[in-house]
Amino acid sequence: MATTLGIVGRTRTTDEVLEEPMLSKALLRLGASAARHPWRVIAAWLIAAALVVLAAVACGGRTADSMTAPGLDSQRAAELIERAGTGQEGMTAQVVVTPLDDGATFFDDDGARTALTRLRAEVKRLPHVLGTSDPAGALDMGGDTAVRGGLVSADGRIAVVRVQYPDQSRLSAEDLDALLDLGDRLRTELPLRIEMGGSLFYAFSDPDGGASELIGLLAAAAILFLAFGSLVAAALPIGMAVFGLTVGVATMTVLAGVTDVPTFAPVLGSMVGLGVGIDYALFVLARHREYLARGLDPQAAAGRAVATAGRPVVFAGGTVVVSILGLAVANVPFMTVGGVAVSIVVLTMVLASVTLLPAFLGAAGPRLARAGRIGRALQTRELGRLARRRDPAAGAAHAAGWRRWIGHVSRHPVPYAVGAAGLLLTATLPVLGLHVGLPDDGSLPQSRTERRAYDLVAEGFGPGTNGPLVIATDPTGDPGVLDRLVGAVAADPGIASVAPTHIDRATGIATLVVFPTTSPQDKATADTIARLRTDVLPTAIGHGPARAHVGGAAASLSDVGRRTSQRLPVFVAAVLAMSFLLLMLVFRSLLVPLKAVLLNLLSIGAAYGIMVAVFQWGWGGALIGLEATVPIVSFIPMFLFAILFGLSMDYEVFLLSRVREEYLRSGDNGTAIVEGVSRTARIITSAALIMVAVFLSFAVAEDPSAKMFGLGLATAIFIDATVVRMVLVPATMTLLGRTNWWLPRWLDRILPRGPVGTDGTDADAESTGETPRPRLGDR
C-alpha cells in the first residue's frame, strides 16, 4: 500500500489527471500537425467559415421565441383557441398613438381622427395582417363605445390599433420590418406620435449584443497584453475566438432555419463562446510559451501544449456541453433548443483550441517566446512588473506572492473559512425573495418604441392592458356556463375589465379576453392567474362537462416560470451528483468532491443573491443601465447553473489536481496546499479576469435578459476565482488535513480507473520522450 488513509496508486500530475495517455498522444499529433502546416489549417477554417456563413444566408432563419411547453394549462388554452380558429392563437402587435398637439383629443379633433383612420387603413394593408381594431370607427359610433372597447382612453388622448397576425410559423422578421418601416414613414406624414409593441416584436426583434461583444474583445485583449507583454501573443486567442464565434453563431443561424431558436441564444452563445474560447486559448498559449522557454522549436512546443493543456480544454468543454444539454430535464422546448445552440458554440471553441490555435502558434514561430517592443518598455515600470509576474513562462519564482498569501490563509484557517463562508451566505440571503418571471416591455429603456408604447397604454388604460389573459372554454353540454364564467371572472378583484365573449359557431368554443389590474411582470398577475385556475373557473364550471383554460402571453410566461422553478431542484441535484461522482473518480476521495460541491453551491448562490438585489431590489441597477426593477427571467437560474458548473469544474480540476500531485509527492497536506494553490493561482486569476471582463461587457446591453446573464456569470466567476479558490479552498483543506484524500478501501477497489492512465508513467513524458516522473510506489 503506497500511503495511508486508503490512498492507493501512484503520482498523478496535473497533466495526467484528466484523460488517458491515448488522448494525450492523439492531441499531440493533432497539435504538431497543425503547427507544421499552419496555412493549410487556417485555410480550412476559412473555407469552413465561408461555407457555414453562406449556408446561414441561404437557408438560415431568424431567432424567434415560443414560450410554450407541453402539458401546461396555457398550452391547453392555445390548443382550444387554435381549434376555434378565432385568430387569437396568432401573433399580435399594437400601434399606440396620441395627438402631437397637447390640447387635442380624438373626441374633438377631426384632424387627429382622420389621421387615425388613415393609419389603421395603412396597417391593414400590410402583408399577413388578418385584421385590425378600428378606434376611429368606434368613435364615430360614440365615445362611450370606443372607451368601453378599450380602443380609446377615457380622456380621449390615447388610441390603440390592435393588429392580428397568423401564427408564428407563417411569419418572419420581414413582417416586423414592414410594420416598423410604415411607422417611420407615417411619423413624418401624420400629426400623431406613433409607438409600437406586442408579441410580434418579442418574437422577431434582433437581440442586441454587437457592442457588448466588441467591448468584451477589447477588454480581453488588454488583459492578454498585460499578461504576455506581446501584441502577437495577445492577438492569437482573440483571433481564434473570433473565428470560432463566427462559425458557431452562423451554425446557430442554420439551426434557426429548421426549428425555433430563442432570441437569447445568440447573445448567450456569444457571451459564453468568447469567455471559454479566450480562456481555453490562454491555457494552451501559456503552456506553449513554457515549452518555448525550455528551448523547444515552435512546432514541437505547439504539439506538446495541445497534448497537455488541450486535455483539460476538452474535459472542460465537454462538461459545459453535457451540463447545458441537461436543461432538457425542464421539458421546455425553447430551453432545450437554446441549450443545443449554445453547446454548438462551445464545441466549436474546443475544436478551434486544438486545431486552429496550434496553427496560429506554428505560424507565429519563435516570436511568442519573447515580449514585444511595447511589452519590454512596459517591463521597466510597475505595470511591466505586473505583466512579468503574470507571464506563465516566468515559472515558480513569480508565485512567491501567492505562496505568502496561501501560507497566511493556511496558518489561520478558521477565521478565513468562517469569514468567507459567512460573506457568501450573506450574499445568498436575497435568494429567499427570488421572484421569477419574464420582464415585459416596461423594463426596456426609453429609447425603445416598445417601452414608450407600453407606458402610453398603461397611462391610458391601466397596466393590465399590456398583458391580457385569454380564457378559452369548451361549454359542451352546459350552455349556461358562459354567463357564469363571465360573472365570476369579472367579480375577481384581480380583473379590471372583461371584453365581449367570442363564440366560434363551428366548434362552440368560446374565448374571453380579460384585463388584469396589474402589469404582466407583477407577481400579483401570477397570483390572479393561479386564483382563476384553482378557484374562480372550477367554481363557475362546477361538476359539468365543460372545460376552461387560462392562456395568453402573460399566462404562458407564468406557466413556464413555474415549471422551471419546479424542475430546478431536480436539475441542480443531478448536476451536483454528476460533479461529485466525477471528482471522486478523478481524485479518489470522498471529502474533496463533497467540499467542491458545497463551495460551488455557495458561489452560485451568492451570484443568485446579488442578481436578486440588483434586478428585483434595484441596488446599483443604474450602474448597468437598469431603469426599473424586474423579476429574474424564469429560465436564467437554470441556464446559469448549467454553464457555471462546467466552468467551475475547469478551475476545480486544474487546482486540485496540482494540490494532489504535491500531496502525493511530499506526503504533507500543508505543503501540498500552499504549493498547489500558489502554482495555479496565476493562471486561474488571469483566466477568470478575462471571463469577468467579457461577461460584464454584456451587463450593459439594453435587454434585461442579457444584463442578467452577464452580471450573473461575471459575479459567479469572480467569486469562484477569488473567495472560493484563493480563500475557502486552502482554508477548508487545511482544516480537513490528511482526511482530504480519504477513501474507504472497499470503495477504492470497486471504483473504475478509466479517467487516468494505468501504466504508472507521466502521460506528458510518455508522449514526448522525456524521462518519466517517479511513481509513488518507487519512493
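How many aromatic pairs does a search of the whole structure find? The search finds twelve aromatic pairs, where rings of Phe, Tyr and Trp (its six-membered ring) pair if their centres lie within 6.5 Å; planes under 30 degrees apart count as stacked, over 60 as edge-to-face and the rest as tilted.

The model is predicted, so local features need pLDDT of at least 70 and side-chain atom pairs count only at pLDDT 80 or more, while totals for chains, interfaces and linings use all residues. Residues are numbered from 1 along each chain as its sequence is written, and side-chain values use heavy atoms, with hydrogens and water left out.

**Overall figures**

The protein has 28 helices and eleven strands; these are DSSP runs (helices H or I, at least four residues; strands E, at least two), numbered from the N terminus. Of its 779 residues, 57% count as buried, that is, under 20% relative accessible area, with exposed over 50% and partly exposed in between (1.4 Å probe, protein chains only). The accessible surface comes to about 29600 Å², and 62% of this belongs to carbon and sulfur atoms; areas come from the Shrake-Rupley method with a 1.4 Å probe. Contacts are heavy atoms within 4.5 Å. Among contacts between residues at least 6 apart in sequence, 81% join residues at least 24 apart.

**Aromatic rings**

Ring pairs link Phe264, Phe334, Phe635, Phe639 and Phe709 into a cluster. Two of the pairs are tabulated here.

| Pair | Centre to centre | Angle between planes | Class |
|---|---|---|---|
| Phe264 and Phe635 | 4.6 Å | 25° | stacked |
| Phe635 and Phe709 | 6.5 Å | 40° | tilted |

Phe264 lies in helix H11 (residues 264–293) and Phe635 in the loop between strand S11 (632–633) and helix H24 (636–666), so their pair ties together parts 371 residues apart in sequence. Phe709 belongs to helix H26 (residues 704–736), so its pair with Phe635 joins parts 74 residues apart in sequence. Relative accessible area is 7% for Phe264, which is buried. Phe635 is buried at 2%, and Phe709 is buried at 1%.

Elsewhere, the charged end of Arg304 sits over the ring of Tyr291, 4.2 Å from its centre; the criterion is NZ of Lys or CZ of Arg within 6 Å of the ring centre and within 35 degrees of the ring normal.

**Tyr651**

Tyr651 lies in helix H24 and is buried, at 1% relative accessibility. Residues up to four places away in sequence aside, Tyr651 touches Asp279, Phe283, Ile684, Ala687, Ala688, Met691, Ile717, Asp720 and Arg725. The C-alpha atoms of Tyr651 and Ala316 are 8.9 Å apart, although 335 residues separate them along the chain.
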